[in-house]
Amino acid sequence: MSQRKYAYFVLILVLVLHAFSYSGEARQPFACDPANAVTRNLRFCKASLPIHVRVQDLIGRLTLQEKIRLLVNNAAPVERLGVNGYEWWSEALHGVSNTGPGVKFGGAFPGATSFPQVITTAASFNASLWEEIGRVVSEEGRAMYNGGAAGLTFWSPNVNILRDPRWGRCQETPGEDPHLVARYAVSYVKGLQGGGDRGNSRLKVAACCKHYTAYDLDDWNGFDRYHFNAKVSMQDLEDTYNVPFKACVVEGNVASVMCSYNQINGKPTCADPTLLRDTIRAQWHLNGYIVSDCDSVGVLFDQQHYTRFPEDAAAATIKAGLDLDCGPFLAIYTEQAVRTGKVSEVEINYALANTITVQMRLGMFDGPNGPYANLGPRDVCTPAHQQLALQAAREGMVLLKNIGRALPLSPQRHRTVAVIGPNSDATTTMIGNYAGVPCGYISPVQGIARYAKTVHQHGCMGVACLENQHFGLAEIAARHADATVLVMGLDQSIEAEAKDRVSLLLPGRQQELISRAAMASKGPVVLVLMSGGPIDVTFAKNDPRVSAIVWAGYPGQAGGAAIADVLFGIANPGGKLPMTWYPQDYVAKVSMANMDMRADPTRHYPGRTYRFYKGPTVFPFGAGLSYTRFNQRLVSAPVTLSVPTLQYDLEGINSTTISTTMKKKAVRTIHTNCDSLDLNIHIDVKNIGDLDGTHTVLIFSTPPPGATFPEKQLVAFEKFHVVAGAQQRVMININACKHLSVADEYGIRRIFMGEHKIHVGDDFKHSITFQASKDEIKV
């Protein structure tokens, strides 16, 4: 064994010995135990003092070796100061998860509420739902922490843009649109953390927005996330990849940001001071800590060979702004970096100040008492929490096809239902990845059995569906049933972390099974798809024998009940696709390693997402039907907007490389009064059908013509319930700086003068003319 590997082994062994294990009893205070006469009167234990004073007092008492042992996720105890060890790595992507070592299920905590996977919940377009899910997850996380079964630092949510449909982690993200992902991020973070404002506000739990940035390739065609150098333009970074992370920090006040494995333009994200120190800290003013993805620091040395010596890698990341290493690397090599003058102890103190401040905001140095100390096992898997999981699954269902109003089914007319397919009795498939142990499961066949007699056939075992030997039994079931429900799609064997797809088609012989069952069925045929990423089901979309298509995503622990409730009309579907469903030939044209968002006809590159891709789709972004019908009408909206400008700003535009037609027609957002540029749009929505339902108003904008501008982009959305025959007025607020600006090739946000088109779904457009005015403004 090499000396370096031996050092790894010894350190990990020591850290494991200090790791907590769940005993089923109440957790002892992390620090400042009032029963400890030696430490209870120390200055950092005095909750009445400002947090920054307490943090500096604690850091001042630590030796260099103690400090270094606190730079890693499995932080060692400082016993002489009464500070216990702490595991920073806990996960809560869509419920408390045991993916990381910080969470242990068992004993008083056999499970936790498992909500639908993020891509499914995003389809609800319901920001209040996202925040409420975050609140429930933090409630259960705090309860488990009090019982010694979890940490308080949850490395969620994943707010990467769903750029490529083959990515195995599509399921973890809120979709392809920057505004949608950003709003999800802010809502979920506020729910988790308790909605605290800027400053040293107290935290219920600490959220973490990951993986910063331009990370959405795991393992594809010889490229992997540990070696991938993402070549990203400043324009794409500003108007696509960084949008959700900025919102997390600036609007959501998130307590942590995680840097990713990949490089950006030749530099590892976790060692890039421009991305970390200059952007997250200096520009966005993160009030929290920056953590590496797990083993990222080791990866940039061992696999990317970014530095010659390991202590150089340790120094580079700390100096760039990294505060915490998920992995042992910094614990092993930072001391040598200090001894050789490559990083200073002051810089280590700065990193520790960021992590310890978050721990103090969480109340971890306040002894056993606090506002959440009463939470315990009774607050996990409550009936209300499980009902919310069911509601979220219902709201995330997307109805993509419904010929002749085949849905909803009727228990009176469809008394026998054939339930067919490899996902027909799915349980663990429904919760996707980064899930914990759910409170319980209701599979699709179990949910449908609540409404009708079921005849159940898998058709093929597993979603790979390599054989058709059971297709005959499926055909017989379909032939004799009043309706046929085919539950097909993907699972973690097809798409997952470290497993990108190579095809958008259904795996194996699933298409054959669907077509044969549909041909045999005497009643309506409903295709239910479970997946995280999009699937090319053009054949089913165009097959008149397939009456309806429902995308269920990965619907969580109550997924089967939600599917049945939608199929039988107890719940009226209102979800919208948060991503474009491309045809299979799209992936033949596009390398997954190409990070460009914008189309380039000279290279026959079609572009990505609905904002830039103009080719054919199976189903577009925002697609989703209802059992009722809605009519949208514009009531009022401004027709002009005066944009205050500075004289030097108008003159300065001439020096840029913006196209000649655009010169003198744009204003930097930092050179105007953004607070004065709010636009209010009033829209009436009427339910003209015969069923109550929810409706989502989607507002898109198109800027004045420009070669690299989006064709259209989502700028606002609002979801609400409208009873049959009723009308509801909704007011949408749009800010010109935040929503209607575009990034130039240097990544500079500008508001272009001229005609901006506002689209209300696909129903109508409204034009607003922007005019520059030389009003006196303060900048």
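Begin by selecting Cys-32, which is buried, with a relative accessible area of 6%; buried means under 20% relative accessible area, exposed over 50%, and partly exposed in between, with a 1.4 Å probe and protein chains only. Cys-32 has a positive phi of about 60° although it is not a glycine. Its place is in the loop between α1 (3-18) and α2 (51-61); helices (H or I, at least four residues) and strands (E, at least two) are DSSP runs, numbered from the N terminus.

The model is predicted: local features need pLDDT of at least 70, side-chain atom pairs count only at pLDDT 80 or more, and totals for chains, interfaces and linings use all residues. Residues are numbered from 1 along each chain as its sequence is written, and side-chain values use heavy atoms, with hydrogens and water left out.

Select Asn-221 next. This residue also is not a glycine and has a positive phi, of about 50°. Asn-221 is exposed, with a relative accessible area of 60%, and lies in the loop between β4 (219-220) and β5 (223-224).

Two cis peptide bonds may be inspected in turn. The bond from Lys-210 to His-211 is cis, with omega near 0°; His-211 is found in strand β3 (residues 209-212). The bond from Leu-407 to Pro-408 is also cis, with omega near 0°, and Pro-408 is placed in the loop between β11 (398-402) and β12 (416-420).

Return to β3 and display the sheet to which it belongs. Three strands form this open sheet in the order β3-β7-β10, with parallel pairing; two strands pair if DSSP finds at least two bridges between them. β3 and β10 (289-292) stand at the edges, each with a single partner strand, so one side of each is left without a neighbour in the sheet. The twist averages 30° from one strand to the next, where axes are lines fitted to C-alpha atoms, for helices over the stretch in contact, and angles run from 0 to 180 degrees between N-to-C directions. Four bridges join β7 (residues 256-259) to β10.

Finish at helix α18 (residues 510-520), whose buried residues are Gln-510, Leu-513, Ile-514, Ala-517, Ala-518 and Ala-520. Viewed down the axis of α18, these buried residues fall within an arc of 165°, so they line one face of the helix; the arc is that of the directions from the helix axis to the C-beta atoms. The buried residues of α18 pack against β12, α17 (471-480), β14 (483-489), β15 (525-530) and α19 (538-542), contact meaning heavy atoms within 4.5 Å.
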